[in-house]
Amino acid sequence: NPDVLAGAKGNTANDYVRFGFKDTKASFELKTNTDSNACVQTTEIPLAADALHYWHHYLWVLDTTQESASRRLRLYIDGKERSTWVASQGLCITQNQTLPFWNATGATQTLGADPLGTNNFDGLLALVQFVDGQALTPAEFGLIQEQRWAPVNYSGSFGTHGFHLDF
């Protein structure tokens, strides 16, 4: 699984989040250990063969404050929410849970590889924006134009640990 963006606590495979690609699928995986119980939440979204050569927008929103478990972790591709999770344990994140692998002391975030230094991404990135402290919607970043997703300039705050990278 070539990882585009990943975060982990330390150098173990116990608590992590990663987004990347597996074969012709967009892949998202979150693993967390709470009270010695491991939970893995994954999804794989097939990409149509003709869509593999186009620019795509991926947005994942992590908001542990949501009362509804299904709203705590959301994935959007080209503005459409993808809500099918394939792991057998169901939804992993409890309300107001602090996740040790993202914006936490001792956590490592990487772009283009997982925090263990494997699964390097072999592709092109046009723009990476990380917004810290807000749960935004796709409309903040783009719109449908001529039947394709098109980026718009994000004008909001990136928060304390957020960033914007152009390539």
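Modeller: Leaving aside residues up to four places away in sequence, Asp78 touches Trp55, His56, His57, Ile144 and Trp149 (contact means heavy atoms within 4.5 Å). This is a predicted model, so local features need pLDDT of at least 70 and side-chain atom pairs pLDDT 80 or more, while totals for chains, interfaces and linings use all residues. Residues are numbered from 1 along each chain as its sequence is written, and side-chain values use heavy atoms, without hydrogens or water.

Biologist: How do you know that Asp78 has no salt bridge?

Modeller: A salt bridge needs a side-chain nitrogen of Lys or Arg within 4 Å of a carboxyl oxygen of Asp or Glu. For Asp78, the nearest side chain of opposite charge is Arg82, 6.2 Å away.

Biologist: What makes a polar contact with the side chain of His56?

Modeller: The side chain of Asp78, at 2.7 Å. The cut-off is 3.5 Å between N or O atoms, with one able to donate a hydrogen and the other to accept it; sequence neighbours count only through side-chain atoms on both sides.

Biologist: How many aromatic pairs are there?

Modeller: Four. Ring centres of Phe, Tyr or Trp (its six-membered ring) must lie within 6.5 Å; planes under 30 degrees apart are stacked, over 60 edge-to-face, the rest tilted.

Biologist: Why is the pair of Phe19 and Tyr58 called tilted?

Modeller: Their centres are 5.0 Å apart and their planes at 45°, so tilted it is.

Biologist: What makes Phe19 buried?

Modeller: Its relative accessible area is 6%, and buried means under 20%, exposed over 50%, partly exposed in between (1.4 Å probe, protein chains only). Tyr58, at 23%, counts as partly exposed.

How values were computed: Lys and Arg count as positive and Asp and Glu as negative; His and the chain ends are not counted.
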